[in-house]
Amino acid sequence: MNEKSPPLPKAQVGKSHLNWLLWLIPVAAALVCAWFLAQDFIFAGPTITIYFENADGLQEQNSLVEYRGVKVGEVGTLKLSNDRQRVAVKAQLDASAANLARQGSVFWIVRPQVKLGALSGLQTIVSGNYITVEPGNGLRTNQFIGVETAPIKPVQALDIQLHAPKLGSLQPLSPVFYKEIQVGEVLDCRLGDDAREVVIHARIREEYAPLVRMNSKFWNAGGINIHIGLFSGANISAESAETLISGGIEFATPPDFQNTATNGTVFSLNEKSEDEWEKWSPAISLHAVPEAVINKPPAADLRNLRSGFTP
Amino acid sequence: MEKLVACQTCGLVQEVDVAPKDSVIKCARCHFQIFHRRVDSRVRTLTFSVAALILYIPSNLYPIVTAEYQGHHIQTTIFQGIHSLFSLHQYFIGSLMFFTSMLTPGLKIIGLIFITLTLDWPHWKKARTWVFKIIRIIDPWNMLEVFLLAICVSMVELGEVATVHPGRGVFSFAAVVVLTLLATLSFDSRLLWDSSAERKL
């Protein structure tokens, strides 16, 4: 070494990084995977099986389960049941909708429907059919029998029976009018036990229930009435454009009205009204029903809303 | 024992003491690290590769995108995408997708793990070199993954027609891309032929 050369600088020695910290990277990756798995298996809602007679329009891994217009689950697989009578639709509900999987819940498939006087489910022409539900309050369960058509929403109402010689153009959900205001609807129509009469099951919403008295008169308001008389000329009348198509029932209560009708009261359904009935206009207090009888649905309560769905 | 070392950044020739364990040597002038072999190369490559291997699983199992179009609800994983390309008779693009987004990341990750784990065994030197050659060949193709991400981004741009959510798969896939990149960067290929005596320096 040359003695004249200046001394070389000396490299510094510093502290090393903690290289065990590097192992936190795979640990973090494993945690991410664990989080994915937890979301799939622990925080997921229940998987339910719904048996439909016909799953027309549902697609595996694609169709949705909706409730009140909101997605609450997804359809998984569609399989034929063992007896080949039904289609088993497996659906994965969201965790927030776990409460829908209860006994008494009624599932049906919303399809486009074009019937006389009723168009429904038109959005499904574009979006595909989906499953929807009317929740029940029973115990938790994972197996359901689906129905074919939307059940008529139960409300507090007075149920009555009407006996008619023939059906006319009535069908489920045909309206029941009082002074041309809809106060109820037809629930179902069937042939009487001895096949001599048609039995129509209808309901009057509870706020209008006092209008129905034991001596009220019911008549079929559907179709057109054409009356041609020698002196009065031609007289054409129809209740409304709606009843013209879908049929309807109208009733009137005489001024000397009797007691209010009770559930299951049987009336006869006349084919057309008499002029006298349409002139009846008795004063009936609609608030005569004692408050205790009225069973109102609970009002929205923020405490219930926060904790997810409550049936 | 003292040695003369030239800094790789500024070129200053300086004396270096034998550094105690768990310490780093810094240049007297520019304070950059001076190393004989890349610092912690083995541990870093191993940790990044293991993390990438773990995330490789969800990136292939979970959907890349979830698209909602007028109530239709479509989820696609990488494999389903490749499958549908094949069923559309797009064999070239389909196989390109398969090689670049499924095969090469997997091979590369496994190869890096194999190399880092077998470094202590001199008999495996030949196999290590062979694996490293394969990694060098497939490495440029790996960069196509980034294009896959670009395709995903362009699908998200569809937002006005359809609602497109990036799925869990795409996050894991992005993480795999970044982690394999870091693993390759921190790997010092000189480790391949180092004898155990040389690695102690």
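Biologist: Which residues in H3(B) does H1(B) meet?

Modeller: This is a predicted model, in which local features need pLDDT of at least 70, side-chain atom pairs count only at pLDDT 80 or more, and totals for chains, interfaces and linings use all residues. Residues are numbered from 1 along each chain as its sequence is written, chains are lettered from A and ligands numbered from 1 in the order in which they are written, and side-chain values use heavy atoms, with hydrogens and water left out. Taking contact as heavy atoms within 4.5 Å, H1(B) contributes residues including B:Leu46, B:Val50, B:Leu53 and B:Tyr56. The residues they meet in H3(B) are B:Met102, B:Leu103, B:Pro105, B:Gly106, B:Ile109, B:Ile110, B:Leu112, B:Ile113, B:Thr116 and B:Leu117.

Biologist: At what angle do H1(B) and H3(B) pack?

Modeller: Helices here are DSSP runs (H or I, at least four residues) and strands likewise (E, at least two), numbered from the N terminus. H1(B) passes H3(B), which spans residues 91-117, in a left-handed crossing, a term for a near helix turned anticlockwise from the far one by less than a right angle. With axes fitted to C-alpha atoms over the stretch in contact, and angles running from 0 to 180 degrees between N-to-C directions, the axes lie 9 Å apart and the angle is about 150°.

Biologist: Which element gives the largest share of the side of chain B that touches chain A?

Modeller: The contact takes 31 residues from chain A and 38 residues from chain B. Several elements of chain B each supply at least two residues of that side, among them strand E2 (13-16), strand E6 (72-76) and helix H6 (168-186). The largest share, 10 residues, comes from H1(B).

Biologist: Which residue of chain B forms a salt bridge with A:Asp40?

Modeller: A salt bridge is counted when a side-chain nitrogen of Lys or Arg lies within 4 Å of a carboxyl oxygen of Asp or Glu. Across the interface of chain B and chain A the rule finds 1 such pair. Its closest N and O atoms are 2.9 Å apart, and the partner of A:Asp40 is B:Arg168.

Biologist: How many residues apart are A:Arg203 and A:Glu185?

Modeller: The search of the whole structure finds 9 salt bridges over all chains, and one of them joins the side chains of A:Arg203 and A:Glu185 at 2.9 Å, N to O. A:Arg203 is in strand E14 (residues 198-205) of chain A and A:Glu185 in strand E13 (residues 181-191), so that the pair links parts of the chain whose separation is 18 residues.

Biologist: Where is B:His89, and what is its phi?

Modeller: Most residues other than glycine have a negative phi. B:His89 is in the loop between helix H2 (78-87) and H3 of chain B. Although B:His89 is not a glycine, its phi is positive, at about 65°.
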